Amino acid sequence: MKIEKMAKNLILKNGTIMDPFHGKTISGDIWLKDGKIAGVGKVDAPKDSLTIDCSGKVITHGFCDIHVHFREPGREDKETLITGSHSAMAGGFTRVCVMPNTNPPLDTPESINFIREKAEECPIYIHPIGAVTKSQNGNDLTEMGLMHNEGAVAFSDDGLPIQNGAMMRIALEYATMIDVPVINHAEDECLRAEGLMHEGIISTQLGLPGNPDLAESAMVYRDLELAQFTGARLHIPHVSSMKAVHHIREMKIKNEKITAEVTPHHLFFNDEALTSYNTNLKVAPPVRTESDRKALIDALKDGTIDCIATDHAPHTIEDKETTFDLASFGMIGLESCFGAVNKVLVHDEGLELGNVLKLLSSNPRAIMGFEQDLFSEGTDAEITILDPDVEWSFEKVHVQSRSINSPYYGEILKGKVEYTISRGQITTQLS
Amino acid sequence: MLQQRHLLGLEGYPSEDIQTIIDTGFKFREVLDRPIKKVPSLQGVTIVNLFFENSTRTRISFELAQKRLSADTVNFSASSSSLKKGESFKDTAQNIEAMKIDAVVMRHPTPGAPKHLTEFIDAVIINAGDGTHEHPTQAILDMMSLHEKFGKLKGLKVGIIGDISHSRVALSNIHGLLIMGADVTLCGPPNLIPPFIKDLGVKINYNVDEVIEWADALNILRIQRERMGLGLVPSVREYRAMFGITQERLDTHQKEIVIMHPGPMNRGVEIDGTVADGDQAIILDQVLNGVASRMAILFLLCGGKSSEEDES
């Protein structure tokens, strides 16, 4: 991948322009001047503008991922804000929210400010999510108000589920004053126990301790009840089970503040993929059965789940190249995201590409309260140019993350990001 | 000679290969009855017994099988190993292979560890138990013992009694017996039988007396004392009353039934001493067949020549 400064005047020509916010396709070109949208449709750009021929390609909003782990501060050997940005751009993402389970965690206004300042040097927009509890200990509320003032866009103890229902209630109640989402990694730790993968026939055959779907759904149900009771904005991350989908669908009928996300890997894989004990597929919550996978797809179709988020979780080779019990949970996901979800949702399941682009751009921005009308004149350009139909095999060469823990190697993906434009920079895929 | 290069587990293992191993095992049983219990079949073959978890009988059984076949063997156990110094599994494996060995017999506490090993090294891998996953050589010796007793496996009714959830012996036996056409019923406390296991094609019955009535043979698993009092088994007394294969219980049924146990036994808990020592038990035959069937497995996987070829 090549990353360079954009030309002063740039014209994106002959592409299909898809605006997921307005839900329409525009004919014509896009003119970018000084990194901002100068015109969409019929444009009157200077003759000496640099032109990119986008024939056969789709030009759309830059993707937004509201759930990534960039490991800074503390584990810069796995990822940094800069390497994470490159990984994001390779996947067409121009805006991300980083989870606070760093070392130390993002649990003070000062640490939020650290991310905000560092993010200024990055080629994408990076927003910190603050911890709900100090040191993510599950007991002591952080200074949410001050952290919000410093730029925290949401709060989560991601990775560590908030087990104490009363604590979750307090956090939701408190967050209503700033009206930002609270995100709880929904797993009941007692029910999850030592579970390493989804509990089912496959875990039984593999002899691996199972993590039952109800470890998630019971916790999701508790959180939904608490959200209804407190009036807070609850966002449910990485939904993995049919049972959780059912609870969310029921509660959304009466509570429009509930939002939810699903990861590409929960849409792409099922537990049968673990029969080779591939530690790159060890993830929390686990990939579950084919019925669960289908239920997640249905939940995207009917709006029960609002958006796609990768839960990009870089780990070192040493963390993964070991036996299944010792391997870390999590996988990288930014580079493979579009090819994976486009394959599953558009090519296999017949969704409209426009809807999938919405799940990757407008919808996650809406959850976090970010600007969604990205093609209006004067807006800082956040643009992704992709080939929606190309088939390609995902390989290590496509990874820009500092870590390589992906389960997608050798998988045939459909649709590929070719250029990403963000903060005056443009990336070009070379492979 | 076998379709798969390694023996990692019996899930999906070809039935004809299980039969070949059992048949070859009976040939080696004859060797064990000779005054000089040794053949040169694996001369020059180096086998490492890589035990990351304590084991007495399985390790001795493998080691004896290797010595009877004239293989060179090296033992590695976790207690004496560099693992305590923090060396990774991968490094340990690759270091041992760098010393030019032909096969590895591995016991490891983690399910899938032998499969991982195949990714790191080129030697033939034989799984001697991987956590709660499989213990294929135990299942093969169990099947060999049943075959010896009944002359067949097809249609045989086998009850497996005890802690199924934490048992690699149970899982390998289930796969092997079903592949060979036997019927399997699992019996034990419901919280120690995985809810999804019936999808494999076994029956579940929590009433041990009904299982005794039904079965031709019982394979009684060790109930680990560590499980007692962890909320899994309320007490020894309760377990013995509900699932123990007691002399009294067998006497009530008055039927011919073969009693097996993979060992080590908790006499007075899952099995009475008199049952274990009684006429119906074939527990010591299992031990002998363990050596013979492991000889067969090593011979078939390590490219040993048949004794006829040696003699010619």
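Predicted model: local features only at pLDDT ≥ 70, side-chain atom pairs only at ≥ 80, totals over all residues.
Let's begin with the overall build of chain B, which has 12 helices and 9 strands. Its radius of gyration is 19 Å, close to the 20 Å that the globule rule gives for 312 residues, so chain B is as compact as a globular protein of that length. Inside chain B, buried residues make up 46% of the 312 residues.

Now look at how chain B is divided. Domain 1 covers 15–134 + 290–311, while domain 2 covers 136–287. Their C-alpha centres lie 26 Å apart. Where the two domains of chain B meet, 19 residues of domain 1 are in contact with 18 residues of domain 2. On the domain 1 side, the elements giving two or more residues are α1 (15–33), β4 (124–130) and α11 (283–301) of chain B. By class, that side has 6 nonpolar, 9 polar and 4 charged residues.

Finally, turn to the place where the chains meet. Here 14 residues of chain A are in contact with 20 residues of chain B. The chain A side of this meeting place is made up of 5 nonpolar, 7 polar and 2 charged residues.

Conventions:
Residues numbered from 1 in each chain as written. Chains lettered and ligands numbered in written order. Contact = placed C-beta atoms within 7 Å. Nonpolar A, V, L, I, M, F, W, Y, C, P; charged D, E, K, R; others polar. Helix = DSSP H or I, 4+ residues; strand = E, 2+ residues; numbered from the N terminus. Rg over C-alpha atoms; globule rule 2.2 N^0.38 Å. Buried ≥ 20, exposed ≤ 12 C-beta atoms within 10 Å, placed from the backbone. Domains from an automatic or database assignment.
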